[in-house]
Amino acid sequence: MHGLLNGWGKALYKGRWFVVAFWIVVALLGGAAFGKLTPLLSGGGWTVPGSQSLEAGKLLASEFEGRAESSMTLVLRDPQHAVGTPEYNGKLKQIVDRLKTEKGVSGVFSVLDSSPEIGAGLVGKDPNMSIAFVDMNLKIDFVINNVPDYQNRVVEQAKNLGVEAYLVGEAPFWGESSVQSQEGLAKAEMIVFPLIIIILLIVFRSVVATVTPLIVTIASLLSAMGIIYLVAREVELSVFVTNSAMMLGLGVGIDYSLFIVSRFKAELAKAGNTKQQAIAKTLETAGHTVFFSALTVIAALSALFIVPLDAIKAIAFGGIAVVFVAGLASLTLLPAVLVILGQRINKWSLPFLKPRETGKVSAWRRWTRAIMRRPVLITAVTVIALGAFASPALDMKLDSPDVRTLPADTPVRQGFVLMEKAFGVGAANQIAIVLHNPSGDLSSPDAIASIAGLRAELAKQEHVLAVTAPTSFLPGMEPAAVSGALQSGGAALPKDVKFMLDRYLGDERHTALLEVMLDQYGSSDTGRDVVKHLRDDVLPSFALPAGTTFHIGGETMAGIDTSKAINDSLLPALGIMLVLIFLILVLTFRSLLLPLKAIVLNLISVAATYGILVTVFALGYGSEIFDVESNGYIIHFVPMLLLALLFGLSTDYEVFLVSRVKEEYDRTGAHEESIAEGMEKTGPLITGAAVLMIAVFAGFAFSGVLPIQMLGFGMAVAIALDATVIRMMLVPVTMKLLGRASWWFPGRAATAASEKGKSSKRSDKSVPATNK
C-alpha cells in the first residue's frame, strides 16, 4: 500500500489542476443539493419491524377515524376566560376556522362541536384550557416539514388574541426537532469554526497552511451532503443525519488534513526535496494513515446496519458518506492543492508564534522514557482510574427521544406542559391497547361486554388513572343496547358521540382501542413496568373474544421495543466491528498483538466515556452547563453510534502513532527508542488534532438538540481520554510490556534493522539524551 500511495503522489503531481477543477464542480453541485436536503428528511425510522408498537401503530392509522400518523392535537388556554364562556369560545372559533384553511387539515373537533358530557373529556383540571383533535389527510412526512409553519401561525394568532395555543403530537414533535436540528447546526458552526481557525493557526503558524485544510474540508462536506441528498430522494433518512454527518465530517476532515499538511511541510523542509518528492512521501506515510483510518471508521459504522432501525441505518450511512468523501478529498484534492502551493504553504507566517526549537530532547521523549520505566504501575493506575469513570455505565438506561428532548421554550414543549398540568403527566403518552379480530365483529354484544370487562380490569391496575374505551361514551347502557346502537351505523347517536366512538372503534368493527393513562411519564421505570405487566400478564390471561389478538402501542411500548432492538444488536454489532477493525489493523501494522492491544484499550476508553455520559446527562451532574433536563436516561441510539464512531476515530490516532513507531523500528530495530521517537514525532500533532476534534464535538454539545448534544459531548470526552490517557500513557507502556513481540507476525522475516536491534540489546538504554 505504501508503494501504491507513493506512485499515486507522483502521478497526482501531473494532474493536479484537473483534480482541483473536478472537486470544485463536485463541491458546487453538492452545495446546491445541500440546500434542498432538509425538506426530504423524516422524523421516522424508529419503529422495529414486527414489533408490538409498530403493528399497533399500523392498525391505529388504518382502522380508525382521526388517528392518522399526521393527526395533531390543538391545545388552547385563555388565562382570562374559562372554557365555554362566549369570550373563550369566540377565540377558539377564530383559531379553529383559520386552522381549517391549512393544507391537509380535514377537520377539527373541539368543545364547540360537543355536548357538555363529551366536552368534559376535552377539559382537564384547568378550567381555562381545552384540547381539540386536528384530523389530517396528508402523509406525515409532508406534515413534519410544514407543521412548524402551521405552528408559528397558530402561536402568533393566539398571541394576538391574548391566549396560548399550540399544536402537539408526533408530527409537531418531529417538525420541531427538525427546526431545532437546523438551528443547532447553525449554532454549532458559529462556535466551531472560530475555534478551528485559532487552533490551526497555533498548529501550523501560518495563514495559508490554516486556510488550506478548511477549504478542503468544506469542499468534502458539501460533496458528501450532495450524496446524502441523492439518497434522501429515494430513501427515508432521519432528521439527525445532517447534524451527525456534519459533526463527523468536520472532525475527520480537519484531522486528515492536519496529518497530510504537517507531513508535507516536514518533507518539503528536507534539503533537496522537490514538491513531487515531498507529496509522494507524504501520501506514502500520512496518506497511508488517512486511508486506513477512513477504512476503519467506515467499517465500524457499517456494523450498525445490522440494527433493525431505519433511522440508525440512515445515520450510519450519513457517517460513511462523509468519511469516505473526507478520506478521498484528503488523498486527492488536498495533495493537489499542496503541490500547487509548494513553499507558499508557509506564506504569511505569524511572527508572534515562534517555530519549535530543534536539536534537544523534547518533553515528549522525556515523558515517554519516564513512564516506560514503570510500565506495570502506570498501566494499573490508569486502568483503575478509567474503570472508576466507567462504573456509572453499569446502570445505563436507554429511552426514545420524547418531548423532553426539546428546549423548554419551544411551542411543542409548552403545549405538552399545558396538557400535563391539566390532564396529568401520562396524558400526552397514553398506552394504546389495540384489539383486532379480522373475521369477527367487535361491536357484537359479547365483544362489547368483553371490552367493558377489560376496561374494568385495566382500571384496577396500579398507577392507572383512567381507561378510555368505546363503552366510555355510552355510560350506563347494557352491552346489547350499545351493540344495537353501533350496528345500526350510529345514525341514532348524537354527532359528537359518534365522532368519539369512531376514534375507538374501527370502521369495519374489526378493531377496537382502549387508551390507558398512567400517573407516570411513559419513559419512567414505573411506566415501563406497567406496560410490561399488561403485555406479559394481564392481557394474555384475559378472555378476549374468540379470534381476537392484542397489540400495545404508544410512546412507552415503542421505547421498550426500540431499546430492546438496540440492546439485542449491541453485541453482534460490536463483534462485527471488532473483527473488521482487527483485520484492518493487522493489514496496517503487519502485527497480531498490536491490533489486539488497540482493541482492548479502545474498549476501556469507550466504557469510561459511557460512564461520564451517564453521569452528566442521565444523573444530572453538570447537565445545567448544557441547559438540558436529565431524567435518568440516555437517548437509545447515542451509545450505539458512540461505539462505532469512537472505535473508528480512536484507531485514527493509533494508526498515526504506531505507524511512525514502526517506521523507526524498521529503520533502527531499537524498540523502546522507536516508541520514544514515534511519540516525539506524532505527539504534538495528535494533541493538535485532538484539540481540534474536541472543539468540533464540544461545539455540537452546546447545539440545543439533546441527542446531538449527548453525541457531541461523548465524542469530545472520548477524544480527550484517547489523546491523553490512552495515547500518552497506555500505548507506550503496553508496547514496552509487549516488547519486540509487538511486531511479531507469522511468516514475516525479521528486518535487518530488527536483527541489528537484537544484537545490540543495550541500544534502547544507551542512546544519549542529546541524540536526535
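User: Does F499 count as buried, exposed or partly exposed, and at what relative accessibility?

Analyst: Buried means under 20% relative accessible area, exposed over 50%, and partly exposed in between (1.4 Å probe, protein chains only). F499 has 22% relative accessibility and therefore counts as partly exposed. This is a predicted model, in which local features need pLDDT of at least 70 and side-chain atom pairs count only at pLDDT 80 or more, while totals for chains, interfaces and linings use all residues. Residues are numbered from 1 along each chain as its sequence is written, and side-chain values use heavy atoms, with hydrogens and water left out.

User: How many aromatic pairs does the structure hold?

Analyst: A pair of aromatic rings is described by the distance of the centres and the angle of the planes. Rings of Phe, Tyr and Trp (its six-membered ring) pair if their centres lie within 6.5 Å; planes under 30 degrees apart count as stacked, over 60 as edge-to-face and the rest as tilted. The structure holds 10 aromatic pairs. One of them joins F109 and F499, which are stacked at 4.0 Å centre to centre with 15 degrees between the planes. F109 is buried, at a relative accessible area of 6%.

User: How far apart are the planes and centres of F626 and F702?

Analyst: Their centres are 4.9 Å apart and their planes stand at 40 degrees, so this pair is tilted. F626 is buried at 11% relative accessibility, whereas F702 is partly exposed at 35%. Ring pairs link F617, F626, F702 and F713 into a cluster.
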